[in-house]
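Hi everyone, thanks for coming.

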Amino acid sequence: MVAFGKRLKERQLEEWQGYYINYKQMKKRVKQYAQQIELGTLDRRHVLKDFSRMLDNQIEKIVLFLLEQQGVLASRIAKLGEEQDAVQPEPELQKIAKLREDYRAVGQDLLKLFSFVEINAIGLRKILKKFDKRFGYRFTDYYVKTRANHPYSQLQQVFKHVGFGAVVGALSRNLHDLQDRHGSYLSIYDQPTLPLQDPVIDSIRAAVDRLTNSTNFLNFLGQHALIMQEELPAHTDEPIDDQKYHFMSLILNLANTFLYMVNTYIIVPTADDYSESLGAAPTVCGIVIGAMAVAQVFSSVYFSAWSNKSYFRPLIFSSITLFLGNALYALAYDLNSIWILLLGRLCCGLGSARAVNRRYISDCVPLKIRLQASAGFVSASALGMACGPALAGLLQINFKIYKITFNQDTLPGWVMAAGWLMYLIWLSFSFKEPSHDIEENHKPHKSNAAESSELEKGQKQPLLVSSENKADEEAPEDCDGSEEAPQESRKPANSIGSAYRLLTPSVKVQLLIYFMLKYAMEILLSESSVITTYYFSWSTSTVAIFLACLGLTVLPVNIVVGNYISNMFEDRQILLASEIMVFIGIIFSFNLFFPYSEPQYICSGLLMFVSAEVLEGVNLSLLSRVMSSRLSRGTYNGGLLSTEAGTIARVIADATITLAGYVGVSRLLNLTLLPSLFICIASILATFYTYNSLY
């Protein structure tokens with residue numbers, strides 16, 4: 001991976017070079033400390049004192065320059081205010097337009113200042129992590145705790161970005177007063193629910209959001225989508241706002257996500273009955289359900305590559321393939337062929353366009369609403385997961401039209417085929433293909449407009465946090481001392497192999513955790529119909545209600561975690577606690593010493609599912625920050641890697657159900673839970689080992 005110092009320097013403004021954190025010098029000092037300690041010429045206490053003083057000096061330099069620049073901006077705003085007062089008695093359109101542009105120029109310079117703070121904070125966080133890793137100390141924890149709340153600490157200025165609020169408020173109020181209000185006497189303070197609509201103010205709001213040190217529900221949900229962003233703000237324009245974005249096209253992508261998730265889970269309550277009616281064992285339902293995931297392993301790659309050139313054509317292909325796949329699934333009953341059934345599910349998997357949906361949000365949705373779009377993607381998935389089984393529970397009818405049978409086994413296929421046909425018609429008339437003249441690898445543009453969007457990139461991230469809280473966000477940098485050329489370092493991965501080589505040990509652990517939770521959830525959901533029928537004689541409707549209730553917990557759980565738990569505990573603590581709760585859920589799911597009961601199954605399943613949902617959110621949140629920026633774009637991006645890890649987990653889980661079924665349904669539960677247990681233990685141990693070795 002390229003040296004972080006070079007990437008940091010590339011993002012710095014030339015005229016402010018002397019005021020940024022001297023990352024290169026501090027890195028050399030850390031290396032010197034290591035050599036001197038090895039030779040015995042320095043002791044630990046001297047190193048800590050000297051490095052603390054060096055950090056204090058760097059932060060003081062940054063903060064004093066920050067205050068100076070805030071004063072310059074305040075003076076410019078005050079001068080513009082005097083000019084504005086002078087034109088109020090006899091306003092002229094030309095003078096008002098000039099004042100607006102002058103205020104916006106101040107806003108663009110304010111964005112530069114936001115970028116200055118963010119780059120320095122990232123550099124500071126990096127050097128603290130490097131120090132901890134090199135010496136095995138918890139120095140970051142000590143430094144932040146002793147400086148953050150001290151009355152004379154300059155670190156508060158970085159944490160709370162003091163003074164920015166007043167400048168932003170003055171800009172917003174004056175721009176609002178210059179707008180044509182058609183005779184309205186209301187001020188900006190009288191209409192707090194109607195924020196000022198101005199591109200510069202929108203960019204500033206996004207920058208403030210990025211610099212915040214809190215997590216909310218929308219951010220937590222958006223990170224589930226794993227729409228990767230680059231770590232450092234780049235001085236690039238944001239051309240997609242006007243050229244690419246189309247609201248109805250975004251809705252169509254979210255509708256595709258919803259329908260696909262419904263399509264995935266609508267057959268779960270009846271797959272075992274359908275397999276039996278075709279002469280197969282009920283546990284063949286694992287292969288029937290998993291066939292879709294098998295095809296998705298391959299479809300994710302070609303859809304991701306296809307989306308480099310078009311979004312409309314992949315969605316058309318997806319809709320047609322899913323229509324044909326569901327029709328084949330439904331016709332398998334009258335054709336009395338398990339192979340037609342499996343072929344239908346394979347076709348459905350080949351139509352999985354989730355990679356396109358993600359790429360559309362990443363590439364074509366303006367940054368100011370990208371977080372909401374990402375949250376919409378996750379919400380659509382969760383809603384589809386709940387609606388699929390619920391819809392299956394409603395389709396408990398049986399009739400024939402000519403020689404075609406419509407019953408609880410075939411109706412899910414017919415309903416979804418009709419749904420995809422209607423979607424295809426809607427897509428054909430309403431989707432607008434965005435322009436593709438802007439390539440993946442944007443070259444930097446030096447323009448004023450570029451500055452107004454430089455800090456919108458990415459989701460909200462804290463500036464500087466304790467070592468236990470966010471240290472795992474950082475990937476190891478230039479461990480081997482090698483440095484790539486800057487242009488080469490920003491190129492996206494061009495194969496699965498090159499993408500894998502960009503994964504650090506901590507990223508691999510996050511992917512292992514993702515694999516584990518998807519495996520455990522798939523075992524729980526896919527075998528639910530077989531297990532509940534064998535032990536409790538549940539009907540299809542009862543299984544459907546149980547699965548729908550599980551799906552309906554997704555959004556409430558994310559609300560609680562996003563709004564409360566993530567603000568009370570560190571991400572790493574939530575991660576580990578969730579893994580342990582999944583482990584407990586798996587343990588209590590075993591049928592060992594007592595007769596298996598409905599309360600045991602429901603409570604253990606609910607505990608496992610909810611814990612896995614919490615774990616997925618926190619895990620993807622960490623994963624989105626710890627992955628290399630080169631995995632934020634291109635065909636082989638971070639979203640594709642996580643999708644492949646989850647899909648492979650589902651394939652293996654469904655195959656496990658079918659293979660265990662040959663031993664007998666009476667042993668199915670314990671045999672399928674054993675791999676979940678071992679993988680869960682492995683992920684917990686890997687989490688302990690990775691983070692303890694880092695800190």
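So, helices α2 and α4 are roughly parallel to each other, because their axes cross at roughly 10 degrees. On the wording: angles under 35 degrees count as roughly parallel, over 145 as roughly antiparallel, 65 to 115 as roughly perpendicular, and the rest as oblique. Helix α2 covers residues 23-39, helix α4 covers residues 93-135, and their axes come within 10 Å. An axis here is a line fitted to C-alpha atoms, for helices over the stretch in contact, with angles running from 0 to 180 degrees between N-to-C directions. Helices themselves are DSSP runs (H or I, at least four residues), numbered from the N terminus.

Before I go on, this is a predicted model: local features need pLDDT of at least 70, side-chain atom pairs count only at pLDDT 80 or more, and totals for chains, interfaces and linings use all residues. Residues are numbered from 1 along each chain as its sequence is written, and side-chain values use heavy atoms, with hydrogens and water left out.

Back to our pair: who makes the contact (heavy atoms within 4.5 Å)? On the α2 side we have Y23, M26, K27, V30, K31, Y33, A34 and I37, and on the α4 side G123, K126, I127, K130, F131, R134 and F135. Sorted by class, the contact of α2 with α4 has nine nonpolar, one polar and five charged residues.

Now, salt bridges. By that I mean a side-chain nitrogen of Lys or Arg within 4 Å of a carboxyl oxygen of Asp or Glu. How many does a search of the whole structure find? It's eight.

One of them pairs D50 with R29, with the closest N and O atoms 3.2 Å apart. D50 lies in helix α3 (residues 44-87) and R29 in helix α2, so this pair ties together parts that are 21 residues apart in sequence. Is D50 buried or exposed? At 15% relative accessibility, D50 counts as buried, while R29, at 25%, counts as partly exposed. For the cut-offs, buried means under 20% relative accessible area, exposed over 50%, and partly exposed in between (1.4 Å probe, protein chains only).

Next, K98 and D102, whose closest N and O atoms are 3.0 Å apart in their salt bridge. Both of these residues sit in helix α4, four residues apart, about one turn of the helix. In general, an α-helix has 3.6 residues a turn, so residues three or four places apart point the same way. K98 is exposed, with a relative accessible area of 52%, and D102 is partly exposed at 22%.

R650 is in helix α29 (residues 638-661) and E522 in helix α23 (residues 505-526), so the pair ties together parts 128 residues apart in sequence. Both R650 and E522 are buried.

Let's finish with two other spots. T321, in helix α14 (residues 312-335), counts as buried at 11% relative accessibility. T321 touches C347, L350 and G351, leaving aside residues up to four places away in sequence. And then there's helix α16 (residues 354-364): ten of its eleven residues are buried, so α16 is largely enclosed by the rest of the structure. Among those buried residues are R354, Y360 and C364.

Terms used: Helix = DSSP H or I, 4+ residues; strand = E, 2+ residues; numbered from the N terminus. Contact = heavy atoms within 4.5 Å. Nonpolar A, V, L, I, M, F, W, Y, C, P; charged D, E, K, R; others polar.
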